[in-house]
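The sequence and structure come first.

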Amino acid sequence: MPPKTCGRPALRNALFTTAALVAACATTSASARDLVVALKTEPTSMDPQYHALTPNIQLSQTLFEGLVCSDADLVIKPCLAESWSADGKVWTFKLRPNAKFSDGSPVTANDVVFTLDRVPKVPNSPSSFKVYMQKIEKVEAVDPRTVRITTSELYPLLAINMVGLPIMSAKAAAGAAPEGKTTTELNAGDGLVGAGPYKFVSWKRGSEIVFERNPHYWGTAPAWDKVTYRPISNAATRVAALLAGDVDLIEDPPTDDLERLRKDPKLAVETKASNRVIYVALDQNGETTPGIQGTNGKNPLLDRKVREALSLAVDRDALVARIMGGVGTPAGQLLPYPMFGASKQLSAAPKANPEKAKALLKEAGYPDGFTLVLGAPNGRYINDSKVAQTLASMWTRVGVKTTIDSNAPAVFFKNRDAYAYSAYLAGWGTATGEMSNTLNSLLVTPNKEKGQGTTNRSRYSNSEMDKLVAESSTQMDDAARAATLARASEIAMADFAMLPIHFEHSVWAMKKDVAFKGRADQQTMVQYATPAK
């Protein structure tokens, strides 16, 4: 928002002539088209195919666009592809004739081929985008505007999966490495050319990220000439920056501050129910597991009774009311009903039953419980550290004496990916808005080659659930596919494969002259922010 140079303060300078004052005010008016956004988490990469993490995705989908996009409620819509059709296993996408990259070059079918070919070649991805490439057998450029994708079998999810694969410029992102430009090069802006509403300018780690409007964008021009993102991990500091006028829009203000912010006439608050589930993953890989003692070397999490006991110890209603300040919904599965593939039977969260939890621990051979370290991020999710502390307290009451290992998000994810935790708190936002993405990512038996179980750090495996998820992927009838996924979800939850805790409600606070409607995927996508009317 503009600095106050056009009123009385400017007149205090005797050097200001009328003409100079008019010129200064004109300059200030132009700067009113700039937007400053405080992010709660800095992205880990600008490479749109490196890490399927919301802080990364919300920026990559501002610089880039996919063949298909989704609206605020995750309903898909045409994007770089103006239309598409399926004939059995063959899908045809027709590209927009006016779509251009930020360097002015046209978006062609060859760029789509390059993009999809690059996905499996990106090394060391913490959460691979291969989950969106399942069943794809061949990608062809029929002509400059026509892409043909052939799947190995009937695959109804292909179009919706294209939302997660922003199209890169084959020319700009070409390079000597197998994947073309490396993640390191893209992080420096080398080859970071997309067809989204904004283009990359700079990234000073820990300080700011700057985007400018893409003059070649095919769609409606975004409202802001320039967007500056400032990573501010401390929630109170984000609020202070907003109140001081240093930023225009902030993510995730503290729940304790919401009432005060809503009453401030200079501010606006936006709340949106999301599909992000906060869950606890439990290591079920083998007898050797870190962070657990008092079990004579056994991994108690392999026992379903222990997993059920940990679930029954959690009072989800109280946690949402007291710790989340009501900004959440208790969860009984990994996707809120009635989203696609969620089970109606699991629409209500399980009720706490500490006495039954104690009885189950005794039946499992742990009458005196055991000790457990719960890993958690500090600043990645809403009140994540407080939620972890509350879970630790609830578990300790039933005999599982729990301590917390809480770290900054980057450290937490590094530890998680190294399997350093027996149990950890994390979240998953389902970008496609349907259950197959969630189950394929978090609970299907890991298979790197097939892009399955890409974030299954509990290493859970259930052949019956796997079979249903695979079956759903070939069901072209939506009702049948939804029912199959709901059954798969019911099997996983009956097995206490992981413990859903709650679904987050996302909150943004902003200056009164900024309008931003929240999204179910929690992404702060600045192309949807406008000056308030």
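A disulfide is here a pair of cysteine sulfur atoms within 2.5 Å. The model is predicted, and the structure holds one disulfide. The notes below take up that bond, then the contact of helix 14 with helix 16.

**Disulfide**

- Cys69 and Cys79 form the disulfide, with their sulfur atoms 1.9 Å apart.
- The S-S torsion of Cys69 and Cys79 is about -70°, so this disulfide is left-handed.
- The pair links distant parts of the chain, with Cys69 and Cys79 ten residues apart.
- Cys69 lies in strand 2 (residues 68-70), whereas Cys79 sits in the loop between strand 3 (76-78) and strand 4 (81-87).
- Cys69 and Cys79 are both buried.

**Helix 14 and helix 16**

- Helix 14 spans residues 435-442 and helix 16 spans residues 478-494.
- The axes of helix 14 and helix 16 come within 10 Å and cross at roughly 40°.
- Angles under 35 degrees would count as roughly parallel and those from 65 to 115 as roughly perpendicular; helix 14 and helix 16 are therefore oblique to each other.
- The crossing of helix 14 and helix 16 is left-handed.
- On the side of helix 14, Met435, Ser436 and Leu439 make the contact, and they meet Leu485, Ala488 and Ser489 of helix 16.
- Of the residues in this contact of helix 14 with helix 16, four are nonpolar, two are polar and none is charged.

Terms used
Residues numbered from 1 in each chain as written. Predicted model: local features only at pLDDT ≥ 70, side-chain atom pairs only at ≥ 80, totals over all residues. Heavy atoms only, no water. Axes fitted to C-alpha atoms, helices over the stretch in contact; angles between N-to-C directions. Helix = DSSP H or I, 4+ residues; strand = E, 2+ residues; numbered from the N terminus. Parallel < 35°, antiparallel > 145°, perpendicular 65-115°, else oblique. Left-handed = near helix turned anticlockwise from the far one by under 90°. Contact = heavy atoms within 4.5 Å. Nonpolar A, V, L, I, M, F, W, Y, C, P; charged D, E, K, R; others polar. Buried < 20%, exposed > 50% of the residue type's maximum accessible area, 1.4 Å probe, protein only.
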